[in-house]
Structures are given as C-alpha cells and as structure tokens.
Amino acid sequence: MDKLGRKVLLFWSFFGMAISMIIQATGASSLLLNTGALYLSVGGMLMFVFTFALGAGPVPGLLLTEIFPSRIRAKAMAFCMSVHWVCNFLVGLLFLRLLEKLGPQLLYSMFATFCMMAVIFVKRNVVETKGKSLQEIEIALLPQD
C-alpha cells in the first residue's frame, strides 16, 4: 500500500472485480459449452477474490483512519465499519434469493455495474494519502475558500 498508493490499489481492485463479474456473467450465459462455462465461472470467481484481496478488502480500513480528523476518528470509524458490515451481511443474506429471482447473468451484471461505479467514485473523489502525514491529509481535505 505504501509503494503503490491507496487510490491506485482501490482503482485497479474495483476495475478487476468488475471484469471478473463480467466473466462470471459470460460464464453463466447459455451460449457457451459446459466446460467453457465452468472455466469462466471458476476463473471469474478466483479473479474476483484475488482483486478484492489486493485493494477493496484491506485498503478502506486503512484509508478511513487517515481521512477522518483525529477529534472524530474513533466515532467515524465505528460508524463506517458498522455500515460496512451491515452491507456485507445484507449481500450474504440476499445473494441466493436474488440469484433465484434475477438469474446469474443479471445479478453478476449488476455487481459489475456497482464495481464500475466504485471505479468512477475512486477516480473522482478519493484523495491519495501515500507519503502524507495525517495533518497534511486533513489540510488537503478541508474545503477550499
């Protein structure tokens, strides 16, 4: 994280996750032979786990501690991590129901869309904190007059 930077890791992680979901959706289509669909499905899932582990998994926990001012850091982290785990719980709870109702192609396409939205969000809004002190980051995040 210190060599590449948080923003770069997040950007490529979400981008890789989106590509892996497109691979998953392609594997779920009925246009492919069973063996090809199986390889695409397994490959897409492995790629998703790999790219998640490179950025989207570990970086937010570190980035959040750096972007909040010290006077509210503990409460803000508690709130953000609570929202994070509630969202994880809801995805886990609803995934199989959505898979039954929507089908794998639509569901994986929706996940890919959310990942691409995250790519755009990271590109536009996330501040690179690599090599900066907490005070420098706080000053960079203050609104400009």
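Visitor: What pattern does the protein follow, read along the sequence?
Guide: This is a predicted model, in which local features need pLDDT of at least 70, side-chain atom pairs count only at pLDDT 80 or more, and totals for chains, interfaces and linings use all residues. Residues are numbered from 1 along each chain as its sequence is written, and side-chain values use heavy atoms, with hydrogens and water left out. The protein has six helices and zero strands, where helices (H or I, at least four residues) and strands (E, at least two) are DSSP runs numbered from the N terminus. Read along the sequence, the pattern is α-α-α-α-α-α.

Visitor: At what angle do helix α1 and helix α3 pack?
Guide: Axes are lines fitted to C-alpha atoms, for helices over the stretch in contact, and angles run from 0 to 180 degrees between N-to-C directions. The axes of α1 (residues 6-28) and α3 (residues 59-67) are 11 Å apart, and the angle is about 145 degrees.

Visitor: Which residues of α1 meet α3?
Guide: Contact means heavy atoms within 4.5 Å. On the α3 side the residues are Val59, Pro60, Leu62, Leu63 and Glu66. On the α1 side they are Arg6, Leu9 and Leu10.

Visitor: What volume does the largest pocket have?
Guide: On a 1 Å grid over the protein atoms alone, a pocket is an open set of points where a 1.4 Å probe fits, with protein on both sides within 12 Å along at least five of seven lines; lining residues have an atom within 4 Å of a point. Grid points are joined across faces, edges and corners, and a volume is the space filled by probe spheres set on the points. For the largest pocket this is about 1,200 Å³.

Visitor: Which residues are the closest to the centre of the largest pocket?
Guide: The lining has 33 residues. The closest to the centre are Phe14, Phe52, Ala56, His84 and Asn88.
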